[in-house]
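Here is a note for a colleague who is opening this structure for the first time. Please keep the sequence and the coordinates at hand while reading the points.

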Amino acid sequence: LDQALESLVAQSYRAWQACVVVDADRNEYEPCFEIAERWALADERIECIRVGRLGLPSALNLALSRAGDCEYLARFDGDDICEPERFACQIDFLDRCSAVDVLDSRALSFRSPGDGELPEGMKRYQHWHDSIETHADFEREFLVENPVCHPTVMMRAETLGRLGRAQGPYRDLDVPEDYDLWLRLLQIGARFHKLDRALVRWRDHSGRS
């Protein structure tokens with residue numbers, strides 16, 4: 001988490017806000033809350049919220065509810081690392097390409113020292129994910145697997161609002177919350193694109209499902 005938040009503070013684009021939701025029971029991840037709170041005290045752009053165990057879809061909706069009147073929303077996990085130019089590159093593209101609603105980027109998968117080699121399945125997924133770029137690519141590959149790397153995404157707030165859910169765009173179902181979101185956005189005409197450079201280092205670990 002320290003590395004993740006440090007990579008946000010190091011962004012070349014400075015006009016961002018971050019909402020860190022600690023989705024855990026009160027004592028389950030106390031060290032994580034302490035780390036997030038320390039960063040929030042040091043940087044007024046960071047807000048830290050701990051509300052107990054919500055589950056990922058509700059935690060994501062809570063974070064989005066704190067976004068205010070923003071144009072773009074960026075998604076990021078607490079164990080990944082943003083490259084310094086991530087926000088600048090994605091904002092520049094979305095400013096220039098009004099037809100794109102959901103902007104993915106390539107991701108560089110890695111493991112922490114001592115956690116072993118990246119498994120072959122993860123290597124294959126990244127190779128497949130990196131091959132997808134245009135909206136037509138996404139439309140085709142949605143029939144195969146989830147072609148969007150959730151922690152790399154920046155999207156238009158207005159497009160999410162078109163889903164019209166008062167509780168927030170993510171649904172708590174027996175399916176991956178991001179795959180469900182992308183398919184519903186595709187259904188209302190949202191356009192997808194991927195930048196051809198790796199803007200996030202995506203951490204894999206031995207306990208990952």
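This is a predicted model: local features need pLDDT of at least 70, side-chain atom pairs count only at pLDDT 80 or more; totals for chains, interfaces and linings use all residues.

1. Residues are numbered from 1 along each chain as its sequence is written, and side-chain values use heavy atoms, with hydrogens and water left out.

2. Rings of Phe, Tyr and Trp (its six-membered ring) are taken as a pair if their centres lie within 6.5 Å, with planes under 30 degrees apart called stacked, over 60 edge-to-face and the rest tilted. By this rule there are 7 aromatic pairs. One of them joins Phe-142 and Tyr-179, which count as stacked because the ring centres are 6.4 Å apart and the planes stand at 25°. Since Phe-142 lies in the loop between α6 (135–141) and β6 (154–156) and Tyr-179 in helix α8 (residues 177–187), the pair ties together parts that are 37 residues apart in sequence; helices (H or I, at least four residues) and strands (E, at least two) are DSSP runs, numbered from the N terminus.

3. Phe-142 also pairs with Phe-192, here edge-to-face, at 5.3 Å centre to centre and with 75° between the planes. Phe-192 belongs to strand β7 (residues 192–204), so this pair ties the loop between α6 and β6 to a part 50 residues away in sequence. With buried meaning under 20% relative accessible area, exposed over 50% and partly exposed in between (1.4 Å probe, protein chains only), Phe-142 is buried at 5%, as are Tyr-179 at 17% and Phe-192 at 2%.

4. A charge sits over a ring if NZ of Lys or CZ of Arg is within 6 Å of the ring centre and within 35 degrees of the ring normal. Arg-50 is placed in this way over the face of Phe-33, at 3.9 Å from the ring centre.

5. A salt bridge is a side-chain nitrogen of Lys or Arg within 4 Å of a carboxyl oxygen of Asp or Glu, and the whole structure holds 15 of them. In the bridge between Glu-83 and Arg-201 the closest N and O atoms are 3.0 Å apart. This pair links distant parts of the chain, with Glu-83 in the loop between β4 (81–82) and α4 (86–96) and Arg-201 in strand β7, 118 residues apart.
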